[in-house]
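Please take a moment with the sequence and the structure shown below before reading on.

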Amino acid sequence: MNLEGRKIIVNKSSKELAELLKTPDNYKEFMPDGLQKFESREDGFKFGLQGMPEIALKIDEVTDQKAVLKSASSSLDFSLTATLNPVNDSQTEVQMLFEGKFNPFIKMMVEKPLQNFINTLTDKIEAYK
């Protein structure tokens, strides 16, 4: 299952964004309203949203071109990637890409909430100062 967020322009360089996305605590700024739990870890974070199970993510790779988060659970196989494409020295195009391997039943249950989550992350990153 592949999901995409809309492409946005952020008023930060790709290097600044990469530095921001290396730190687990910074992801709390991008979480949707309804966040009930956020726990930062050395290599990632765990969060819980109202009406959803808790999700643990590890920061797998961060470069000036992308930030890749992967599921910290062995029972779920997915990744969330933020592509970082420099527009100029102070602006970067960002797009969220979700890739997951789910059975058809799970896909049917999670597709809409995941798309909403990606859309909210995109909105929060776009509004980040």
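The model is a predicted one, and every value given here was computed from it. Rolling a probe the size of a water molecule over the atoms shows where empty space is left.

**The largest cavity**
- The largest cavity contains about 130 Å³ of space, and its lining is made up of 15 residues, among which Y27, L69, L80, M96 and L121 lie nearest its centre.
- Three elements, β6 (66–71), β7 (77–88) and α2 (104–127), each contribute at least two residues to the lining of the largest cavity.
- When the lining residues of the largest cavity are sorted by class, 14 are nonpolar, one is polar and none is charged.

**The second largest cavity**
- The second largest cavity has about 40 Å³ of space, and the residues that line this cavity are L17, L20, L21, F30, A82, L84, V94 and I125.
- Two or more residues of the lining of the second largest cavity come from each of α1 (14–21) and β7, and α1 gives the most, with three residues.
- The lining of the second largest cavity consists of eight nonpolar residues, with no polar and no charged ones.

**The largest pocket**
- Of the 25 residues lining the largest pocket, M52, P53, I55, V110 and L114 are the closest to its centre.
- The elements β4, β5 (55–62), β7 and α2 each supply at least two residues of the lining of the largest pocket, and α2 gives the most, with eight residues.
- By class, the lining of the largest pocket divides into 19 nonpolar, four polar and two charged residues.

**The helix α2**
- The helix α2 has 24 residues and reaches 34 Å from its first C-alpha to its last, which is close to the 34 Å expected at 1.5 Å a residue.
- A kink of about 40° lies in α2 at V110, shortly before the proline P113, and V110 is also among the residues closest to the centre of the largest pocket.
- The residues L114, F117, I118, L121, T122 and I125 of α2 are buried, and what covers the buried residues of this helix includes β1 (2–4), β2 (8–10), β4 (44–49), β7 and β8 (91–101).

Key
Residues numbered from 1 in each chain as written. Predicted model: local features only at pLDDT ≥ 70, side-chain atom pairs only at ≥ 80, totals over all residues. Heavy atoms only, no water. 1 Å grid on protein atoms, 1.4 Å probe; cavity = no way out; pocket = protein on both sides within 12 Å on 5 of 7 lines; lining within 4 Å. Points joined across faces, edges and corners; volume = space filled by probe spheres on them. Helix = DSSP H or I, 4+ residues; strand = E, 2+ residues; numbered from the N terminus. Nonpolar A, V, L, I, M, F, W, Y, C, P; charged D, E, K, R; others polar. Expected span 1.5 Å × (residues − 1). Bend = angle between axes of the 7 residues up to and from the residue. Buried < 20%, exposed > 50% of the residue type's maximum accessible area, 1.4 Å probe, protein only. Contact = heavy atoms within 4.5 Å.
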